[in-house]
Amino acid sequence: MTPQTKIKGSEAIVRALQEEGCDVIFGYPGGVVIPFYDALYHSDLKHVLVRHEQGAAHAAEGYARATGRVGVCVATSGPGATNLVTGIADAYLDSIPIVAITGQVKSDLIGTDAFQEADTTGITLPIVKHSYLVQNASDLAQIIHEAFHIAGTGRPGPVLIDIPVTCALAEFVYKTASAVDLPGYKPTMRGHSKQIKVAARAIHESPRPVLYVGGGVISSGATQEVFDLATSLNIPVTTTLMAMGAFPGTHPLSLGMLGMHGTAYANWAVHECDLLIAVGARFDDRVTGKLSTFAPQATVLHIDIDPAEIGKNVEPRIPIVGDAKMVLHEILTEVATMAAAPERTAEWLERVDDWRGQHPLHYEEDDGELPPQYVVEQIYAVTGGDAIITTDVGQNQMWAAQYFKYTQPRQFISSGGLGTMGFGLPAAIGAQIGRPDKQVIDIGGDGSFQMTMQELGTAVAYNVPIVVALLNNRFLGMVRQWQELFWEGHYSHTDIAVQPDFAKIADAYGALGVTVTAKDEVADALRTAIKDPRPAVIDFRVRREENVYPMVPAGTSITEMIGGQAGRRKKP
Amino acid sequence: MKHTLSVLVENKPGVLTRVAGLFARRGFNIDSLVVGRSEDPRLSRMTITIDGAEHPIDQVTKQLHKLINVVKIRELDAESMVARELALIRVSAEGAKRTEALQIAEIFKAKVVDVDRRTMTLEITAAPDRLAAFESLLQPLGVNEVVRTGLVAIGRGRS
Ligand SMILES: Cc1ncc(C[n+]2csc(CCOP(=O)(O)OP(=O)(O)O)c2C)c(N)n1
């Protein structure tokens with residue numbers, strides 16, 4: 001190809017994506033993206049055809065969450081684009097780097113209510129980190145380059161590129177994008193050096209510190225630094241749902257998750273600590289409970305790359321804007337110059353361990369029914385803890401967080417901020433495609449699964465050997481739990497016992513389907529499903545009215561836990 | 001208390017929607033928002049006035065900063081800025097009222113930009129408090145229509 005050879009806009013998109021190192025995209029065709037699909041036809045860029053565009057967005061997220069690279073999804077204009085919206089919002093709230101490409105009607109038809117026209121940039125405006133409506137085809141390469149840069153740097157997030165079909169059809173001489181020049185976008189990476197000294201001193205001197213670690217630690221790749229800080233100074237670590245695996249759950253300093261369904265000992269430790277070291281976390285209401293009683297004795301040290309998070313919910317005494325990895329690294333360097341005093345927190349750790357001993361996570365094992373928590377424990381046992389877990393939303397998600405000990409970042413993949421039912425299966429597909437070396441298991445709910453289960457077709461078509469472990473309680477379990485505890489047991493529209501046989505559904509798709517009703521079948525079923533080269537669905541018929549404990553009722557202090565004491569709380 | 005922000009934004013399509021959308025989504029109320037070209041053809045400058053008692057101004061500026069097309073934000077306070085607003089005001093000006101309107105206009109250095117038999121349209125450029133005084137003096141004559149540009153503000157020179 002001579003330098004003057006013209007190519008179509010659609011080919012330029014493919015080429016620009018490949019220049020970004022993109023190796024797979026998840027998408028669904030339609031009228032205005034046919035030119036793009038034609039360009040794909042002639043290229044070696046891998047495309048995964050999903051069964052619903054929401055699945056494409058979640059798969060792109062699953063890929064991004066599992067690999068740390070930017071995930072890409074594609075949809076046509078109008079309904080294709082609106083079907084992506086849930087996934088884009090999900091990526092926005094969890095700060096996940098994805099680039100969503102949507103087709104748009106011809107430039108001169110925009111604004112005329114043309115067939116399949118929707119104002120995609122308008123609809124997605126509040127849920128994107130940035131977006132583009134392409135006007136000149138020759139800008140495509142530069143825009144795609146910028147989009148990847150914006151999605152993947154700073155506080156990551158979704159970027160949308162809306163491309164009128166006119167641009168996809170236009171012919172022009174392709175020019176590789178030049179370096180990004182965005183005068184309004186320069187994330188602060190290095191922390192303020194004076195603040196770092198202040199922070200180091202506070203950490204070094206604190207007798208009762210707690211590290212409160214959020215998803216930012218995973219996106220910044222700061223898990224080693226968290227580990228070094230915690231272990232060199234003997235600081236207990238609690239993680240948010242988004243940060244499961246950012247600190248090994250098997251480590252004696254690990255307190256597990258905090259917040260609404262956190263461990264009693266994590267919540268007590270936060271309540272009693274004198275220094276709360278928040279890293280890449282945003283003091284979400286599911287974590288803090290009632291704000292005015294959150295960590296009442298603590299000096300708050302808040303490290304975050306997004307200045308808008310600092311002081312948004314909690315005003316920190318020591319704010320540091322910067323990249324978690326860089327800031328922690330500098331704090332560690334600073335701490336290393338101070339006299340070592342690892343025994344300083346010894347008494348504190350003893351107290352924390354007392355709480356842990358008195359209020360462990362627990363559930364009732366012996367009434368003959370299959371406890372969902374047991375299934376999660378068995379998934380942990382059978383995989384030796386070496387698997388990537390995705391989840392749906394609800395009780396299944398909380399048990400997956402509580403009863404599997406995550407030791408690696410990007411090992412736990414869940415819709416935290418938006419809480420999107422139906423996330424688990426498509427996210428698992430994206431994660432598995434991104435990490436073919438790992439076993440991916442979706443711990444799902446029967447309600448959630450029915451929102452996106454058509455993606456079994458995708459898994460079968462591309463031989464994606466995921467395992468779907470359904471904790472099937474035939475209820476919209478988490479809502480039912482709230483109804484039981486706070487709405488006098490009025491199970492209004494949460495009983496979904498009328499449902500298909502999921503094993504047969506799997507079978508009909510050409511996947512492996514298994515139904516499990518007894519404890520002693522759990523491990524074998526898991527082994528069979530993992531060994532089978534096909535995607536698999538295991539329908540675990542679990543105890544129907546099991547609750548997630550401990551539970552902090554919404555809006556109360558995180559020490560006001562229901563079921564935090566030993567012994568399963570009996571139903572009222 | 002009112003806050004005045006001078007916001008330099010890239011001259012890109014949709015940037016006004018992004019700023020306005022952000023204010024709407026975060027529940028910040030805009031008093032006025034004025035936008036126009038700046039000294040650099042690639043950049044526009046917005047003057048945004050908001051009620052800071054209702055919203056932590058800090059959150060507003062931090063959230064604005066997150067918009068990729070926002071290049072620079074400067075918060076201006078009364079001492080450090082020159083602020084003006086232009087208004088076109090049509091008043092009743094029949095008979096004796098006409099002289100009175102002209103006198104008020106003269107005191108405030110307002111211009112007469114249109115007259116007909118019953119009304120007179122005055123143009124004034126002034127700081128907000130002067131504008132308010134002007135308007136209230138005209139009130140008794142009968143104000144038929146008021147059109148205001150919203151506040152534009154510039155930081156004072158630093159010598
Ligand atoms: C798309 C969507 N709709 C509604 C909800 C509200 N919601 C939260 S949890 C839940 C029940 C989920 O049921 P299921 O998937 O069976 O999981 P379980 O809680 O039983 O484990 C519902 C309806 C939601 N989070 N997402």
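This is a predicted model: local features need pLDDT of at least 70, side-chain atom pairs count only at pLDDT 80 or more; totals for chains, interfaces and linings use all residues.
Some 7 residue pairs are in polar contact across the interface of chain A and chain B, both residues being at pLDDT 80 or more. The area buried between chain A and chain B is about 1,400 Å², and carbon and sulfur atoms give 56% of that area.

A:Asp306 also takes part in a salt bridge within chain A, where its side chain meets that of A:Arg155 at 2.8 Å, N to O. To place these residues, chain A is assigned domain 1 (6–173), domain 2 (193–358) and domain 3 (372–541). Between domain 1 and domain 2 of chain A, the count is 2 salt bridges. On the side of domain 1 of chain A that touches domain 2, there are 2 nonpolar, 1 polar and 3 charged residues.

The centres of domain 1 and domain 2 of chain A, taken over C-alpha atoms, are 37 Å apart. Contact between these domains involves 6 residues of domain 1 and 6 residues of domain 2. About 500 Å² is buried between domain 1 and domain 2 of chain A, with 56% given by carbon and sulfur atoms. Across this domain interface, 2 residue pairs are in polar contact, both residues at pLDDT 80 or more.

Definitions and conventions. Residues are numbered from 1 along each chain as its sequence is written. Chains are lettered from A and ligands numbered from 1 in the order in which they are written. Side-chain values use heavy atoms; hydrogens and water are left out. Domain bounds come from an automatic or database domain assignment. Contact means heavy atoms within 4.5 Å. Buried area is the accessible area (1.4 Å probe) that two parts lose on being put together, summed over both. A salt bridge is a side-chain nitrogen of Lys or Arg within 4 Å of a carboxyl oxygen of Asp or Glu. A polar contact is a pair of N or O atoms within 3.5 Å; within protein, one must be able to donate a hydrogen and the other to accept it, and residues adjacent in sequence count only if both atoms are side-chain atoms. Ala, Val, Leu, Ile, Met, Phe, Trp, Tyr, Cys and Pro count as nonpolar, Asp, Glu, Lys and Arg as charged, and the others, Gly among them, as polar.
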